[in-house]
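Work through the exercises below with the sequence and the 3D view side by side. Try each task before reading its solution.

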Amino acid sequence: MVEAWQVVTTILFLYLIFMIIIGYYSTKILRKSLEDFYLLSRRAGLLVLFLATASTYHSAFAFLTSVAVFATAGVTFWIGSFAWTTLAGIVGYLIGKRVYILGKSRGYISPSDLLADRYNSELLRVITAIVWAIFVIGYITVQAIGLGIIISIGSGGRISYEIGSLILVLAAALYVAIGGLRAAYWTDVAQGIWMYLGVWLAGLIIVYKFFPGITDLFVAVREVNPKLLTLNWHWQLLVGNIIVFGVGVMILPHLWIKFYAARDTYTLKWSSALTALYLSSFYIPAMLIGLTAAVLNAKGVPGILEPGFISALTKAYGSADAVMAYMIYTLTHPVIAGLLLAGAAAAAMSTLDSFIGSISMILTRDVYQKINPKASESSLVLISRILIILFALIGWALAVQRPGLIFDIVAIAAGGGLQVLPALLQAVIPTKRQWINKYGAIAGLVVGALIVLMFTVQTAKYFGIPSAWARPAGEISLYALIINFIVAVIVSQITKRSS
Amino acid sequence: MLERWCALSIEEELKVSFKNPLSIVLTLIAVVAYLLLLAVYQFNRPDPTILGMSAPLVYAFTLWIIIVIVIIVAAARVWG
């Protein structure tokens, strides 16, 4: 008799092999140049660009933590997420188009290339690379957390969180190291389709298993905890989260380089519009699953789910992020569970691959190539591959510490990345007066990034900041951005204008 | 000379333009829709409305539909 965990684990491993084969196949047409390794030779068409952007944006954050937040904070997450996901599409066009035009005409490969060139500052290049490297590690870590949860639950606890996370993280690192971001673009297409179908299928199966219709779900939620049907974030946190996830995530390196990769502006504009639709509609089934989880958490399901199972999962995994994976595993047929958990793994891996690929590019281009300007293209590709494996392992090492809720960690990472915005806006939108020069851009970025790092609830204790001064990452990132803008403009006005 | 001409041409492409009246209308609708989100605190109650959903949720769905329509129209008619 084949047990459920064997079916689910087999499907998960078949999925992994499928992704590695796609990654390997993409190397067959890989040219040994950085432009091809990272930017698909700037020829990404609509389907590839749209699905790569959408699946890269949606990570373990979307598939795992969104359900956890829906289950504990209710519709609050939808009220915020519809706004930040549609805003992400708009930002993808309004900023992405300008990044694309500059990237194509000036031959930029790394995001720092644009800032360093427009501000004529190699120091700005290095500082942005360092800021990104610091914050992106958080993003890599959350994907490793998600993958550990998925395989641990999918195997019925027979493969530990630590080993499971290591296996999946190394699989992603392997296909990116072999095929570069070209492999990631290809796998992202498959993963983007898989995760979208997966979340809708999971939503419909789980909701209709317990409720005759959507109205009954809302009636049950109202009985259990009516607060789940209201907005529970204060307005500063709501606005902060919308800016952080709508703008901050889109200008992180893993999505920034997607703008460079576009074939033309037509591709970019429709990719942006479709991305907004994809990202926002993804959260509708996630909300249904999350609210169902809240009801089942209160009432339990005899013989399947104990009342208070969310607290038990939080105790076991250090956060409520395992709710979605656990519900899929316990409430659906093993074959369906395997396919849906593979969809969840797709969400995490499609972001992980882009992050380790883009951060390796930034450090190769913006640090190693500056130290060794005569390095050949093949040696740069080799260094990139080593960095890909290294960053994957760093992310895994942090994930095994179980640092907390994915939502909070992503908010810190995106909030840090958001601090590049003032410098980026001045670089891509010509103004009659130059409001920000290289000195202002550097000062604003450093101040903004330090505020996010030091005054966020989860990190303040490491810097001796009193807890009364600390704020959630979404809120503090908004304040940091405002201070960043002010510092950037003031410093620019009292220093020489950069050329 | 050629480099300077190319540079000017790029700067022209980077400028924010509202030459198309539709772009002004769509921008205004989008900005107002996002700002109106903050009005949700005025009726932030769990009482049932359409399909048993609460008023904040129905309101958020309405704003979502408006913004999605704006994005699609912008992509089709305004964005270059």
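A salt bridge here is a side-chain nitrogen of Lys or Arg within 4 Å of a carboxyl oxygen of Asp or Glu. Keep in mind that this is a predicted model.

**Exercise 1.** Find the side chains that meet in a salt bridge between chain B and chain A.

Solution. Start with the count: the rule finds one salt bridge across this interface. Now name the partners. They are A:Arg118 and B:Glu11, at 3.0 Å from N to O.

**Exercise 2.** Describe the contact between chain B and chain A.

Solution. Step one: count residues. Chain B gives 34 and chain A gives 43. Step two: take the area. About 3,500 Å² is buried, with 73% from carbon and sulfur atoms. On the chain B side, B:Leu14, B:Trp64 and B:Trp79 lose the most area, together 20% of what that side buries. Step three: count polar contacts. There are 16 such residue pairs, both members at pLDDT 80 or more. Step four: locate the elements. In chain B, α1 (2–14) and α3 (55–78) each give two or more residues. α3(B) gives the most, with 12 residues. Step five: sort by type. The chain B side divides into 25 nonpolar, four polar and five charged residues.

**Exercise 3.** Explain why helix α7 of chain A is largely enclosed.

Solution. Seven of its nine residues (111–119) are buried, so the rest of the structure largely encloses α7(A). Among the buried ones are A:Leu114, A:Leu115 and A:Tyr119. Next, look for packing partners. They include α8 (122–154) and α16 (334–371) of chain A. Finally, check the ends. At the start, a side-chain oxygen of A:Ser110 reaches to within 3.0 Å of the backbone nitrogen of A:Ser112. After the helix comes A:Asn120, with a positive phi near 50 degrees.

Notes
Residues numbered from 1 in each chain as written. Chains lettered and ligands numbered in written order. Predicted model: local features only at pLDDT ≥ 70, side-chain atom pairs only at ≥ 80, totals over all residues. Heavy atoms only, no water. Contact = heavy atoms within 4.5 Å. Buried area = accessible area lost by both parts, 1.4 Å probe. Polar contact = N/O pair within 3.5 Å; in protein donor to acceptor, adjacent residues only side chain to side chain. Helix = DSSP H or I, 4+ residues; strand = E, 2+ residues; numbered from the N terminus. Nonpolar A, V, L, I, M, F, W, Y, C, P; charged D, E, K, R; others polar. Buried < 20%, exposed > 50% of the residue type's maximum accessible area, 1.4 Å probe, protein only.
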